[in-house]
Amino acid sequence: MTLKNLIKRGYFPKELPPPFDTSDLSADITATLASWTTVFENNTKINSATFVLTQNPDETPQQFKDRKKAHRADFISKYNASRATVYSISKGKLSRRFLQIPNPKHFSILSEKIVSRWADYQVVYNLSEYSQSYPIPETSTEKRSVSTFSKSVAEFRNSLLKTSIDKLIEVRVDISKFYPTIYTHSIAWALLGKEKAKHYFKEKDNLDALIASGNTDAQLYKYAESVDMALRACQERQSIGIPIGPDTSHIIAELVACRIDSILKTRLNSIELKACRYYDDYYLYVSTKDEADKVLKSLQLILSEFHLEINEAKVKIREFPFAFEDEFTTSLHTFDFKKTNQTNSIKHYFSLIWAFAERNPKKTDWIFKYSLRIFEFSTVVIQKTSWKVFEDLLIKTALIEPAILDILTRIFITYSSFLDADSKEKLKRLINITIKEHCPVRHNFEMAWALWIAKTFEIEIDEQSANNIIDTRDSISNLILLDLINNSTLVNGHPRVSDIEAELKDDILMSENWLLAYEGVKKGWLTPIEANLLDNNLFFKILKEKNVEFYKQTKQLKTYKPQEDKPIETYSGGHASEPEQQTSQENQQIVTTKNAQTSEPFDIFISGFEL
């Protein structure tokens, strides 16, 4: 585990459009944090010779001392916490999952702390015999900074089968709103065990003395407290919940969950409980209904001790035999795309997935995401003669469920040579409908990807749509819009950019709009009402001087080519090439078809998964 990798590949959510990038920040992160440490000390160590204030000629020593204390207090108040940028994505038909992009100042410090004692995290992960999702540092530069222990759903299902081999009853449970309800103070409980952590909490006044005497547990407790503080600094000092999206949260959540696993095993050792857990989903195996009841009550009690709860609506107790493959995935797995009449096969396939969506309206997003992987990764390649029918069906599917806009983008890039004026007109209608419907409810993913499609395929945006985006103040969408306004002629009229500029003052760089403010001003797309806005924030001044950018205008989605070197018009099957398969792993997007029998992504298969 390295700080550079955690910042580069574990910071921004994977659901963002491709220009959003943290490689600049990661490149010199150690020096950046060292520069900030110097700035911090120069503004807070009032007795230091390097303190930024000097005594005025007409000022008494006491007045100077008071002024230094006031400066230190103001400095700490300004920089001690921030609000994260929010980016919501679809979670079922009506629900949303709110991803967060923490301020780089506080996220970098949190990441540095995690990396500094990574071995202590591994000790806790190893306590769990149940976890299939504990993080493992990922060496591939094309993937997230950490991967899960189980690499695929096929591997996870094999683990379930092996684990349950001598048990007849499955108890399926998940933790209710896992990430949003994690108590940050439980980080110490997870690292040391709750009783030991409580002991050192009572010894807070003596911690330094205990550490000086060589007490490693006291040292670990003090470290856990510092991680707690660093995490809370990312979210306005809140102690309930952790940000969804960054890999740091995966790391911390598994720390808590693995400690819970170890307690559960110890307390139920008498019934020889067998179990697997993936994030917040538990698959528990016992021999009798009485044991199932005991397991539920025990898990409920342990979770309550960590300020967590069971999601009672999703508790399932089943006795073998029962279907362990989803009907939907089984049907698609056996679907055969005819080489002789691909157009009819495409229509039958979309009819099938729309029918499944109609019967499962709460799962429409994951049904469509899963089913379209075969086209996204060129497992099934569309012939030119079938393209127009496929194009119509894909655009209609995106209108039904805009959660697939990113998949649509990649497919259209792959088949860009097939696009004509009619294709762009259809995309234009889709974009404008999406913006019109999703701006009023601030659906960030849908707005951002609609704009990215416009940029990718050079489709005009009308002035009203642009103003609707501006009114949301959504950082992600507005940065793409500003890119279009400043680097193309695709945005009609004169959008009210001045509305954003009027807000670029005070603590905007520590607010949820930090990304919009920093990138917009640095690139010259926005003129702030406060002169020297970036220089007035000493952390972002460091980033500006290092030329750190978070928006790379030329970055684009990678496409996936068939393994065989044949023209796309005639090729009818195959896999993505090896480098691109690695990229698909980064996005946890692996397809399952008759031609390519790999496993579907966890985030699609495990429909009950709730961060």
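Guide: Happy to! Buried means under 20% relative accessible area. Keep in mind that this model is predicted.

Visitor: How many residues of strand β7 are buried?

Guide: Six of the six residues in β7, which spans residues 281-286, are buried.

Visitor: Which way do the side chains of β7 point?

Guide: In a regular strand the side chains alternate between the two faces of the sheet. Here Asp281, Tyr283 and Tyr285 point one way, while Tyr282, Leu284 and Val286 point the other way.

Visitor: Which strands pair with β7?

Guide: Strand β5 (residues 169-174) pairs with β7 in the antiparallel sense over six bridges, and Glu170 has Tyr285 as its bridge partner. Strand β6 (residues 274-278) is also antiparallel to β7, with five bridges. There, Arg277 stands opposite Tyr282.

Visitor: And what about the backbone angles?

Guide: Most residues other than glycine have a negative phi, and most peptide bonds are trans. In the hairpin of β6 and β7, with two residues between the strands, Tyr279 has a positive phi near 55°. Ser378, in the loop between α17 and α18, has a phi near 60°.

Visitor: Is Ser378 buried or exposed?

Guide: Ser378 is buried, because its relative accessible area is 1%. Arg442 also has a positive phi, about 50°, but Arg442 is partly exposed at 39% relative accessibility.

Visitor: Where is there a cis peptide bond?

Guide: Look from Phe320 to Pro321, where omega is near 10°. Pro321 sits in the loop between β8 and α15.

Notes:
Residues are numbered from 1 along each chain as its sequence is written. This is a predicted model: local features need pLDDT of at least 70, side-chain atom pairs count only at pLDDT 80 or more; totals for chains, interfaces and linings use all residues. Side-chain values use heavy atoms; hydrogens and water are left out. Buried means under 20% relative accessible area, exposed over 50%, partly exposed in between (1.4 Å probe, protein chains only). Helices (H or I, at least four residues) and strands (E, at least two) are DSSP runs, numbered from the N terminus. Two strands pair if DSSP finds at least two bridges between them.
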